[in-house]
Amino acid sequence: MFDRYSAADRRGGRVKPRAGVVVREQLYPLAGRGAEVNAVRGLLGAGSARLVFDGPAGIGKTALLQVTADLAAGSGATVLWAQGRPHERDFAFGVVRGLFRSYLATLSEEDCAALLSDLASPAAAVVLPESTESAEVETFVMLHALYWLTVRLTERRPLMLAVDDLHWADTASLRWLLYLARRADALPLVIAASWNTGEPGTDSELLGELAETLTPVSVGALTGDEVLELTAGRFGREPCPDFLAACERATEGNPYLLHSIATAFTAEGLAPDEEGVGYLADLGPSDVSEWVHTSMRRGSADAVELAKALVVLGDGTDLATAAALSGLTLDAAGEAADVLAALRFLAGDHPLRFVHSLVRNAVDQAIPPTERLATQGKAARLRYAQRRPAEEIAAHLLAGDDIGEPWIAAVLRDGARTATRRGAPDVAVTYLRRALCEPLPDEDRAPVLIELGQAELAVDLSSSVAHLTEAFELTEDPETLCRIAAPLASAMIQRGDIRPASDLLDRAVARIGPSHVDLVDRLEATSLVHRQRVFEPDWEDRANRLAESSQTGNQRIALATIAVDEGLSGGSRAKAVALVERVLALGPPTQFCMVANSLAAGVAVLAGRLDLADDCAAGLFEFAHATGLPAAAEWAHYVVSRIAYEEGRPVDTIEELMIGSEIEESINGTRGHPDFHAAHTESLLDLGDLGGVTTLLEELGLAGDGPVTGAVAASVLSARGRHRMRTGDVKGALADHLAHGRNLGQARNVNPAMSDWRSRAALAHHRLGQTAEAKALVVEEMELARDWGAPRPLGIALRSLGIIDDDVEPLLESAEVLGGSTAKLELARTLLCLGLAQHRRGRVEQARSQLRQGYRLATDCGATAVAEELGAAVILAGGRRPRVVRAAVQALTAQQRRIAELAAAGATNREIAERHYLSLRTVEHHLTGAYRVLGVEGREELATALATTETA
């Protein structure tokens, strides 16, 4: 895509930008940068690249970024350009707006609507100047929306995003660029940037993470012939050797300073000869600030004042505003601007902007701190009088003195609301913390605290709790109390303050009073979501009342919570299934109650109704696609992984777990719910990957015998016990299984469908010769499993009893029970035990038949470790390992098949990715794998290949 310099480039000219290209004009010809340009050409030749020009200010990074843009444009790409600016560091997605708005403004309304549909629709709040979007947007939703906007643009033609002075980009834009860079491998996309070495920038941590995704192109000082090339081009003649040496010493090879010397010499009528050397004798890079000011003062005093005003107002300011802030008349300001442009300190266009950050920094350093603070306050008043956007006014308020005027808090709150709508809560927090410092009327303090506390939920949990608690105590209005209590309780629970959260919800209900039924019900439902009522005497009465609520969200949560309690306690399976069916009958979930679908899916799995669990997952997928909420997609993938685990498909289990955990990490930086690690470990054991299990246990801090703490470690205990049993540490295995059982018992989770820890512990007791203990545990599990009625846990318990008693009858019953279920891998395990038991009794033909059947099942499940055991058992029984001939389509993983079917139906990679909340890279990976397994070369052959019937 970007594989060549155009002829114009090679001749030293500039490529004419194509339609839609947004680039800056280059101030001077590029000199002495052949190596850097060749490095860029090599990076772009691959069709996509992520690079950053790194060097000190003035070294030529912007010029190289412009050359990169020219290269991309000349090869047919759309180039979008933005620049980070110090005064815009607190603008929510300021750089992102700079990238997209100008380009989208050139498109038709219909074109924009197509680009900003479905999952990309929240991006309209950022990239469209007149967006009417008023809903608050989660940060990840906005990041994901902007990602899909970018993907859709790359479908039209290759795309380059260029960001100059990236170190000054706002935090929200940096976060999005990082999100995009980590997912850009499959896109015809170039991300190119520049930043100044040594400057901390807006957010050093984010910049550091972004640096890990970018290829650095270091830009160093010019030397020798390179200095000669540049200065000769500027002076129109070759300078004398002493002058060249003096230039290189004075500027340390900095191209901008070299250009500035040439500009100054030309303005003064000086020549680059021996006489000119004297003028450079006392000049060095550290004297730039004084040199800039001296040049400005020589131009005019008004030029100095206008430049100082522009520093405060920022690049892109119109002349009238700069004149007003500097105290100049419009005519005087125009003359001052002409002087600065002639000195090459300002660009010669409108609106006003410095030609380089070195100039801006030099002027800024010369402004006394007290004058700067006062001028920022004056600028805030001026912007307010002009009715400028709140974020522009806020930038001056944050940088200046407290001016104590009554309109300030309202402006900051308005800016915070805009930031929240754009998915930038950290910016909202900055504004609202400043607003809280203003002399607020009593009636305004609680609203500011509420807005601040809610914004802090995603930024600073402790501060959120403190501010929402203060607002809760100041508030009397019932609706406002409800609006505070729900997020406050959630934040307290995230901090581990479970009992105080429950008490807070009780207080809120009492203060709201019984006359506000809907509000009370909503708080009761919130309490049920967090499962704080489950162990209180009246929780069931409250849940049953809410289950008949007229509000479907409250009803759905109550039904799901009752179902969960029924399932975990091993109550009535029929009742639990009926409750799940009622949850599904209420229709698609909403944001408030989408957790109910996840809870209901878990109960359906415990009941062995994987069809209902699949319906719950489908509802979550549809909800994620309709709303862009990532948590719904995360839970949907976890549900699908649990279904695969119950059926005994370890490869599919791990695939779904990884996708869900990738989404989870994108949302909150953590990877893996506690149950994720348990299912991952179990699946690795089914695959026989003992090394992978060891590595995972080491990562979780569970490789040794130290104390087990935390939810993650506790959930993995039984899986670690299984690993220990496999590696010969029977006593360690027994200890793990018993500890896991104690943990579940403390939470009243006694249903063996939740965990077969009793059977596992019983088998460890049996190996240690402790028959009575083994028999007691397995009988207890069998009785509980019969009471519950799901086939999988009963089949497992019967198998364990048959092993302990060396009795074929329980094994035959286990095979019969599991044979009518979806638990195919558990059936294979039972057939292994049954076949070996039959062989010991001399029933060879029965043994071989059962072992062969088990081998086919384990092979179909992809459980290589179990299949190997069964294959060895067949040989032991005097048979030959069965030859399993499978249609190619059956060799696909579930994810491969799902993606292949969608592709065969005509869906594009983007459409598939959007539908299932996958990255394009994941879709391409699975589709390529499907092509390889099916032996096809493209989508056109997929439908036929997928229709292939299984042969035995």
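**Figure 1. An aromatic cluster in the predicted model, formed by Phe140, Tyr147, Trp148 and Tyr179**. A pair of aromatic rings is described by the distance of the centres and the angle of the planes. Phe140 and Tyr179 make an edge-to-face pair, with 5.5 Å from centre to centre and 85° between the planes. Because Phe140 belongs to helix H7 (residues 139-156) and Tyr179 to helix H8 (residues 171-181), this pair ties together parts that lie 39 residues apart in sequence. Tyr147 and Trp148 are also edge-to-face, since their ring centres are 4.9 Å apart and their planes meet at 70°, and the cut-off for this class is an angle over 60 degrees. Over the whole structure, a search finds 9 aromatic pairs.

**Figure 2. Arginine side chains over aromatic rings**. Arg183 lies over the face of Tyr179, at 3.7 Å from the ring centre, and Tyr179 is one of the members of the aromatic cluster shown in the previous view.

**Figure 3. Strand S2 and its partner, strand S3 (residues 159-164)**. The two strands pair in the parallel sense over 6 bridges, and within this pairing Val79 stands opposite Met160 in S3. In a regular strand the side chains alternate between the two faces of the sheet. In S2, Thr78, Leu80 and Ala82 point one way, while Val79, Trp81 and Gln83 point the other way. Because 6 of the 6 residues of S2 are buried, this strand is largely enclosed by the rest of the structure.

**Figure 4. Phe93 and Arg344, two loop residues with positive phi**. Most residues other than glycine have a negative phi, and most peptide bonds are trans. Phe93, although not a glycine, has a positive phi of about 60°, and this residue lies in the loop between strand S2 (78-83) and helix H4 (94-104). For Arg344, phi is near 65°, and the residue sits in the loop between helix H17 (330-342) and helix H18 (357-366). Phe93 is buried, because its relative accessibility is 1% and the cut-off is under 20%, whereas Arg344, at 33%, counts as partly exposed.

**Figure 5. Helix H15 (residues 301-313) and the glycine that follows**. At 1.5 Å a residue, the 13 residues of H15 should span 18 Å, and the end C-alpha atoms are 19 Å apart, which agrees. The helix is mostly covered, with 10 of its 13 residues buried, among them Ala303, Val304, Leu306 and Leu313. Just after H15, Gly314 takes a positive phi of about 95°.

**Figure 6. Confidence along the predicted chain**. The protein averages a pLDDT of 86, and 92% of the residues score at least 70. Confidence is highest in helix H41 (residues 791-805), at a mean of 97, and lowest in helix H1 (residues 7-10), at a mean of 32. Over residues 1-27 the pLDDT stays under 50, and the model has 68 contacts beyond four places in sequence for this stretch. Where pLDDT is low, the predicted coordinates should not be read in detail.

Notes
Residues are numbered from 1 along each chain as its sequence is written. This is a predicted model: local features need pLDDT of at least 70, side-chain atom pairs count only at pLDDT 80 or more; totals for chains, interfaces and linings use all residues. Side-chain values use heavy atoms; hydrogens and water are left out. Rings of Phe, Tyr and Trp (its six-membered ring) pair if their centres lie within 6.5 Å; planes under 30 degrees apart count as stacked, over 60 as edge-to-face and the rest as tilted. Helices (H or I, at least four residues) and strands (E, at least two) are DSSP runs, numbered from the N terminus. A charge sits over a ring if NZ of Lys or CZ of Arg is within 6 Å of the ring centre and within 35 degrees of the ring normal. The expected span of a helix is 1.5 Å times one less than its number of residues. Buried means under 20% relative accessible area, exposed over 50%, partly exposed in between (1.4 Å probe, protein chains only). pLDDT is the predictor's confidence in each residue, from 0 to 100. Contact means heavy atoms within 4.5 Å. Two strands pair if DSSP finds at least two bridges between them.
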